[in-house]
Amino acid sequence: MGDNSPPLDGGWGWMVVLGFFGCNFFMVGIAKSFGIMLEELVIYFNTDMATAALVMGVAGGIYTLASPLGLAFGQVFSQRVVVIFGGIMGCFGVSLCYFVVSIEYVICMFGIFAGLSNACLFGNGLVMLGYYFEKRRSIANALALIGASVGQFGIPPILQHLLDTYTIRGTFLFLGGFYLNLCICGALYRPISLYANRNSADVEAKDSLNQNNITELEVSYVDTTGNHHSETETLAPGNCHKVEVSEIALLKSEMRYGHLSSTGSLVMGSMESLGQIVIAESKQLDKVKQRSSNSTFSCGLTCPKLIYWSEFKKPIVVIYTLVSFFLFFGYFNFIIFLPLDAASKEIDKHSKTWLVSISGIGDLLGRIFIGVLGDLNVCKRYKIMSVMCIICGTNIILYGIADTYWWMALHVAVYGFSGGAYVAINAVVLIDLVGLEVMPRALGLILLIQGFGAAVGQPFEGYIRDITLSFQTLTYLNGFCMIFGAVILFLHPMIVGLFEPKYEQPLDAATIINTSTMDSFNKTENGEKVETLA
């Protein structure tokens with residue numbers, strides 16, 4: 001029979017990239033374009049901005065909390081099944097928003113079902129890329145995650161056209177159809193176990209023909225740290241035995257995707273994407289080593305431990321958690337309220353839609369730029385990230401005084417460029433600051449706090465807008481949050497130095513002996529050096 005090993009770095013792997021590209025296109029495109037629908041929700045239900053903003057706020061909170069579960073289900077039922085189920089679930093919940101019974105009804109249906117659907121997509125897509133790519137993993141991740149930028153560019157005008165043609169009720173129905181397209185994307189996720197099962201069947205057939213001759217089996221392999229391992233198993237003559245070589249091949253493919261580079265060009269996604277990779281790696285390693293630290297349900301589903309509160313004892317973890325909260329709070333909330341802010345400045349509905357699309361173009365260029373700059377090692381990457389966030393925050397503040405369309409478009413383009421650079425380099429900066437050993441434990445805390453900022457940001461800023469009746473306050477708040485977070489990140493070495501305990505270096509045995517010997521010759525008596533005999 002032919003070679004049934006997984007097609008690494010090519011073949012069907014590019015179809016997996018296409019599927020993950022589609023998931024990012026719809027998921028991120030809809031999320032960042034939802035500000036276009038906020039005004040329609042306020043008008044249709046005659047409600048305040050804070051309540052309408054809860055629709056996306058609840059979706060963001062559910063997504064943050066449910067993402068680890070979506071990843072765990074993918075390991076049990078296969079990534080293909082979970083992504084297809086997520087597409088069906090999202091289609092069901094969002095389509096039911098067509099009835100628009102009340103704003104509370106929309107918050108529950110869209111927020112819960114869209115959040116759960118999105119939780120099934122991102123982490124499982126990254127796992128599939130890790131299965132199929134090794135040498136070309138960088139370009140595969142980059143091409144797939146570009147779907148977020150393309151969705152941010154393409155979805156807004158489509159969404160505005162649907163609102164103009166079919167009203168908000170029909171638009172929800174079409175959005176449900178968008179989520180149904182995720183089933184096609186998930187269908188492209190051919191399980192890696194398919195190749196393993198083929199190999200297992202081949203080995204079993206060959207083994208059954210030679211069962212009387214095989215008495216001992218030795219398998220050698222190399223783990224992710226480069227250590228060689230050898231396992232020997234004695235087989236009873238005359239008994240058919242299934243040699244699970246496929247499990248070893250699958251084990252190596254599962255452990256492969258956990259390898260991360262410290263270069264900016266490898267991790268082209270956000271903090272969230274890196275978090276899913278590390279969570280997935282930790283789960284697989286724990287599963288292989290049969291560790292008992294994780295909680296296991298009766299159905300056999302293993303959930304990774306995500307929150308390590310003890311990491312808050314490290315000042316750098318606390319600092320980076322705060323930095324992530326402020327940066328993401330300012331970055332994400334600005335794009336949500338951008339269409340409403342533009343409408344308040346008497347920009348027509350079609351022009352304000354294209355502002356969101358312009359930010360998508362800038363986002364794509366920013367990701368590419370920071371990927372190249374991060375590899376040049378011109379300076380420390382946390383300084384690059386700080387500068388880009390200061391530029392982004394300052395630009396958001398300057399946007400607040402822009403009063404013409406092209407002036408606003410210029411600031412939006414700079415926002416997309418600097419913001420895209422921020423989300424692209426965010427992950428590798430975390431690696432640089434806390435190290436690979438601490439990173440898996442620190443990520444749970446950071447993602448939780450960052451997700452909290454995304455979840456409460458929209459209703460909180462909607463409440464401020466209802467009080468002040470102005471979007472300019474929100475613009476300044478978002479800009480100052482980004483600048484504040486960037487300044488803390490830039491000054492973090494000095495801040496850590498204030499809190500890190502200073503330990504004296506312990507003396508080794510040789511130093512102690514030498515010190516004792518020198519002391520015996522340095523004792524003084526009446527100002528004269530005398531030798532003291534031991």
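A residue is taken as buried when its relative accessible area is under 20%. On this basis, in the predicted model, Asp363 is buried, with a relative accessibility of 2%. Its salt-bridge partner is Arg367, the closest N and O atoms lying 2.8 Å apart. Arg367 is likewise assigned to the buried class, at 8% relative accessibility.

Across the protein, 18 helices and six strands are assigned. The accessible surface amounts to about 24,300 Å², with carbon and sulfur atoms contributing 64% of it. Among contacts with a separation of 6 or more, 81% involve residues 24 or more positions apart.

Four salt bridges are counted in total. One of them joins the side chains of Lys352 and Glu39, with an N to O distance of 2.7 Å. Lys352 belongs to helix H13 (residues 349-376) and Glu39 to helix H2 (residues 35-45), so this pair ties together parts that are 313 residues apart in sequence. Lys352 is buried, at 5% relative accessible area, whereas Glu39 is partly exposed, at 25%.

A further salt bridge connects the side chains of Asp164 and Lys349, at 3.0 Å from N to O. This pair also links distant parts of the chain, as Asp164 is located in helix H7 (residues 137-180) and Lys349 in helix H13, 185 residues apart. Asp164 is partly exposed, with a relative accessibility of 34%, and Lys349 is partly exposed at 41%.

Notes. Residues are numbered from 1 along each chain as its sequence is written. This is a predicted model: local features need pLDDT of at least 70, side-chain atom pairs count only at pLDDT 80 or more; totals for chains, interfaces and linings use all residues. Side-chain values use heavy atoms; hydrogens and water are left out. Helices (H or I, at least four residues) and strands (E, at least two) are DSSP runs, numbered from the N terminus. Contact means heavy atoms within 4.5 Å. Accessible areas come from the Shrake-Rupley method with a 1.4 Å probe; for residues, only the protein chains shown count as cover. Buried means under 20% relative accessible area, exposed over 50%, partly exposed in between (1.4 Å probe, protein chains only).
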